[in-house]
Amino acid sequence: MSQPLVLGIETSCDETAVGIVQGRKLLANVIASSVEEHARFGGVVPEVASRAHLEAMQPAIARALKESGVELKDVDAIAVTAGPGLVGALLVGVSAANALALALDKPLYGVNHLASHVAVDLLTHEQEIRPTIALLVSGGHSSILRVNDITSDITSLGQTVDDAAGEAFDKIARLLNLGFPGGPLIDKDAKIGNQLAINFPRGLTQAKDMLEHEFDFSFSGLKTAVSRYLQATPDYVRADVSASFQEAVVDVLLQKSIKACKETGIDSLVIAGGVAANSRLRAVAQERCAVAKIELRTPPPALCTDNGAMVAALGSLAISAGHPASALGIEAASAISPSIPIWS
Ligand code: KG4
Ligand code: ZN
């Protein structure tokens, strides 16, 4: 099937999201977020997220069908995030997808959330799919992936040894009393700050660390350094702290991603996941990739954070590649590795 019509469901964290794609064309992308219910806790509360998914699921499906003008009976397949993510949250999406696939007698594709963050890039770029390095940076994960084939062949070159990049943004935003989620707030605050004001540490970039952790990340030292700086500097300039912290994260992410491209001989880099919406990361990536002659692809910011279109996109690619469907009745796979793009 060359242009499969796929409905994708995403519930791995706090977004109840439903997307519909036809081949590589985006037809609908509905997102109901429970973020405001979590904000006062400074992080996502799993039980609150699960309950919100239950309430939002059916209206989100109905809205996506309406927006796209698609009738449920015409959908070729259902795709759903099988994992990784919060198990109770995932279960709501997986149960809904199982029920839809069974009732409609359509194939079901359980997809890997991390691979789908990368796959969404294909909805906005014409290029053929080819081997690429992917920097995947979200609230729960930070990895450098070698993507030989998005539906069947992904290897992890490195990942964070402590916090995820988005988590680091969220924690520093809390220290700065900016609110939750912190990434977009730091991004905004940093625009009026000086990124050279404070020289914060770049984790795991020293020669001794590179032997064992060449493509791994660590943000805990940076977090401690920011916290110490704030304690020692009562009259600190918040925007300068935001900008200097952001610069340290961006610098490390890009140093390692570009090194991965060079060492593997792959001259293509996709930056995906919620943190890929960061304006400074996107700008510096453009500069450095141009110098290194690497083709850079970043999905539009709205498709970087969690959405259903990315799930549908990976399902659609799996069908086009002739990948077998997942078993009906699949379970949530809360800790699935990126090397399994489609869960059976
Ligand atoms: O991919 P995502 O929506 O959810 C997960 O799979 O985790 O990523 C959410 C993360 C949050 O930590 C949020 O603070 C971060 O992405 N984020 C950003 C920006 N927008 C979202 N981080 C930095 N700059 C941004 N503009
Ligand atoms: Zn995500």
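Arginine 238 is found in helix H9. The model is a predicted one, and every value given here is computed from it. With a relative accessibility of 35%, arginine 238 counts as partly exposed. When neighbours within four places in sequence are left aside, arginine 238 is in contact with Leu176, Leu178 and Asp189.

Asparagine 177 itself is found in the loop between H5 and H6. Its relative accessibility is 68%, and it therefore counts as exposed, the cut-off being over 50%. Asparagine 177 has a positive phi of about 55° although it is not a glycine. Most residues other than glycine have a negative phi, and most peptide bonds are trans. The loop between H5 and helix H6 (182–190) also holds proline 181. A cis peptide bond joins phenylalanine 180 and proline 181, with omega about -10°.

Leucine 204, in the loop between H6 and helix H7 (207–213), has a positive phi of about 55° although it is not a glycine. Leucine 204 has a relative accessible area of 13% and is therefore buried, since buried means under 20%. The peptide bond from glycine 83 to proline 84 is cis, with omega near -5°. Proline 84 lies in the loop between strand E4 (77–83) and helix H3 (87–104).

The packing of helices comes next. The axes of helix H5 (residues 165–175) and helix H8 (residues 220–232) come within 11 Å and cross at roughly 10°. Because angles under 35 degrees count as roughly parallel, H5 is roughly parallel to H8. On the side of H5, the contact is made by Lys171, Ile172 and Leu175, and on the side of H8 by Lys223, Val226, Ser227 and Leu230. Sorted by class, this contact of H5 with H8 has 4 nonpolar, 1 polar and 2 charged residues.

In soluble globular proteins, nonpolar side chains tend to be buried together. Here the largest nonpolar core has 42 residues, and those with the most contacts inside it are Phe245 and Ile271. Two or more residues each are given to this core by strand E6 (132–137), H5, H8, helix H9 (238–264), strand E9 (268–272) and helix H10 (279–292). Of these, H9 gives the most, with 11 residues. Isoleucine 271, leaving aside its neighbours within four places in sequence, is in contact with Leu135, Val137, Leu254, Ala276, Leu281, Ala285, Leu296, Arg297, Thr298 and Pro299. There is also a second, separate core of 32 residues, which includes Ala77, Val147, Ala272 and Leu317.

One of the residues of this second core, Ala77, is touched by valine 6. Valine 6 is found in strand E1 (residues 5–10) and is buried, with a relative accessible area of 1%. Not counting residues up to four places away in sequence, valine 6 touches Gly19, Ile20, Val21, Ala77, Ala79, Ala312, Gly315, Ser316 and Ile319. Valine 6 and valine 21 are 15 residues apart in sequence, and their C-alpha atoms are 5.5 Å apart in space.

Terms used. Residues are numbered from 1 along each chain as its sequence is written. Chains are lettered from A and ligands numbered from 1 in the order in which they are written. This is a predicted model: local features need pLDDT of at least 70, side-chain atom pairs count only at pLDDT 80 or more; totals for chains, interfaces and linings use all residues. Side-chain values use heavy atoms; hydrogens and water are left out. Axes are lines fitted to C-alpha atoms, for helices over the stretch in contact, and angles run from 0 to 180 degrees between N-to-C directions. Helices (H or I, at least four residues) and strands (E, at least two) are DSSP runs, numbered from the N terminus. Angles under 35 degrees count as roughly parallel, over 145 as roughly antiparallel, 65 to 115 as roughly perpendicular and the rest as oblique. Contact means heavy atoms within 4.5 Å. Ala, Val, Leu, Ile, Met, Phe, Trp, Tyr, Cys and Pro count as nonpolar, Asp, Glu, Lys and Arg as charged, and the others, Gly among them, as polar. A nonpolar core is a set of buried Ala, Val, Leu, Ile, Met, Phe, Trp, Tyr and Cys residues joined through side-chain atoms within 4.5 Å. Buried means under 20% relative accessible area, exposed over 50%, partly exposed in between (1.4 Å probe, protein chains only).
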